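Let's walk through this model together, one neighbourhood at a time. Please keep the structure open beside you as you read.

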Amino acid sequence: MQRTESPVAPPVVLTIAGSDSGGGAGIQADLKTIEAGGAFGTSAITSVTAQNTTGVQGSHLLPTDDIAAQIRAVREDFDVAAVKTGMLATSEVIELVAERAADLPNLVVDPVMVATSGDRLLAAEAEDAYEALVAEAAVVTPNADEAEVLTGRAIDDPEDAAAAGQDLVAMGADAALVKGGHVAGDDIVDVLVTDDAVGTYRHDRVNTDATHGSGCTLSAAIATRLARGDDLGDAVARGIDLLARAVRYNLDVGEGPGAVHHTVELRDTAAREATSEAVESVAAALTENKLAPLVPESGMAVAGATPHAERPDEVAAVDGRITLTMAGPRPNHGVRFGAEPELARFLLAVREHEPSCRFAVTCRLPDDPDAALDGLDGAVASVADSEREAEATPEALVEQALDGHDGAPVAIVDPGAVGVEGQVLVVADGAATVVERVETVLNAVSQR
């Protein structure tokens, strides 16, 4: 039997960049990011590098005629919606791309000069050639070091970055995104400058050296969003969000620091159904027990986060919680993402200390918490009564409880406050484990 085809027509993105044999940066990073973002990736390879997570061992530049032939082949056959550049290596290659810029829509210029490892990827005499290419860019995305080279301006803070961005726009770029990863501070502040506005994007710095491919991934993500029709501000915001998650949940590969996780959002989205089903399994297992001693007056909240969750709407929970009925403990509704934002915030706060924690259940605070929780298979943390404020946020309570703890405990005791019910937050890395821990507490309470 012949089947009827059902083709799809994603937007096409062209990357003009070098090849990274280690797979973390360059063409390889670009194509992974483009595909994960819902576009079709094409490429024009400028150079072939021998590199891995520890550094660059060698580089071979392709003849400019071969690079031009690749660009021409792609443009003649594909309806290219956006283009990004990466490692161009020499002034001749930069000039080649600049000469063809009129035929390169939504051009995102990532002025790659030095690899994350510190190895130089651009000939020193080629730096000045970038000015012509910057003038053709829809957006240019230098890090602070690259922006300093391009503008001659020292960059030590967001104000300096904004000034450098204005210089780049004055060169002719429609916009400049000056990245703040190389600027010291607990926060990373990226600055987007256009003719009529300066915007900032702030996020926490991740304590890791595994940032190989970060610039490639961000510029490819921005190009992909532009190809899909986003305006520049949205494309930049989504690209930065993706990169922040890709750095936190980086890929532990190779002997060096590792690489950013190019497909992290795609994989997290793919895990949503399995996460929802896991939360349903927790609720089903718990309601088979005589839960009454552990169900808070407000109901027992049950939640699970996707593997790379960063926001409350990426945490699935029993809608309406598990409450006591005439027929015993029952979930009020099904499971949906975003159903329990407060518990989601608790769980995400715990994940800041131990990202493997994915499931949480809220239990009534036993009369004797120490005795009831003694049988758990790990450390129990507590918020001190003297520190518990009625209006304390979930994040503040977790920080108070985990102050001085190495990693995450298996449970957190919240004593409550005036008008706030006390509870025990039981956490675990797996659905079965969180059920076992709740059952351990239930058995201890029931035997007293």
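**A walk through the model**

Ser47 counts as buried, at 1% relative accessibility (buried means under 20% relative accessible area, exposed over 50%, and partly exposed in between, with a 1.4 Å probe and protein chains only). Before going on, note that this is a predicted model, in which local features need pLDDT of at least 70, side-chain atom pairs count only at pLDDT 80 or more, and totals for chains, interfaces and linings use all residues. Residues are numbered from 1 along each chain as its sequence is written, and side-chain values use heavy atoms, with hydrogens and water left out.

Ser47 belongs to strand 2 (residues 40–52); helices (H or I, at least four residues) and strands (E, at least two) are DSSP runs, numbered from the N terminus. Leaving aside residues up to four places away in sequence, Ser47 touches Ala17, Gly18, Ser19, Ser59, His60, Leu61, Leu62 and Met87, where contact means heavy atoms within 4.5 Å.

For a contrast, turn to Asp65, found in helix 2 (residues 64–77). Asp65 is exposed, with a relative accessible area of 62%. Its C-alpha atom is separated by 28 Å from that of Gly55, ten residues apart along the chain.

Next, look at helix 1 (residues 26–36) and helix 7 (residues 214–227), which pack at an angle of about 40 degrees with their axes 8 Å apart. That makes helix 1 oblique to helix 7 (angles under 35 degrees count as roughly parallel, over 145 as roughly antiparallel, 65 to 115 as roughly perpendicular and the rest as oblique). Axes here are lines fitted to C-alpha atoms, for helices over the stretch in contact, and angles run from 0 to 180 degrees between N-to-C directions. In the contact, Gly26, Ala29, Asp30, Thr33 and Ile34 of helix 1 meet Cys216, Thr217, Ala220, Ala221 and Thr224 of helix 7.

Finally, find the open sheet of seven strands, with order 14-11-10-15-18-17-16 and mixed pairing; two strands pair if DSSP finds at least two bridges between them. Strand 14 (335–337) and strand 16 (380–382) stand at the edges with a single partner strand each, so one side of each lacks a neighbour in the sheet. Within the sheet, strand 15 (residues 359–364) and strand 18 (residues 423–428) pair in the antiparallel sense over six bridges, and Phe359 stands opposite Ala428 in strand 18. Helix 10 (residues 272–287) lies across strand 10 (302–305), strand 11 (315–318), strand 14 and strand 15, running at about 155 degrees to strand 10.
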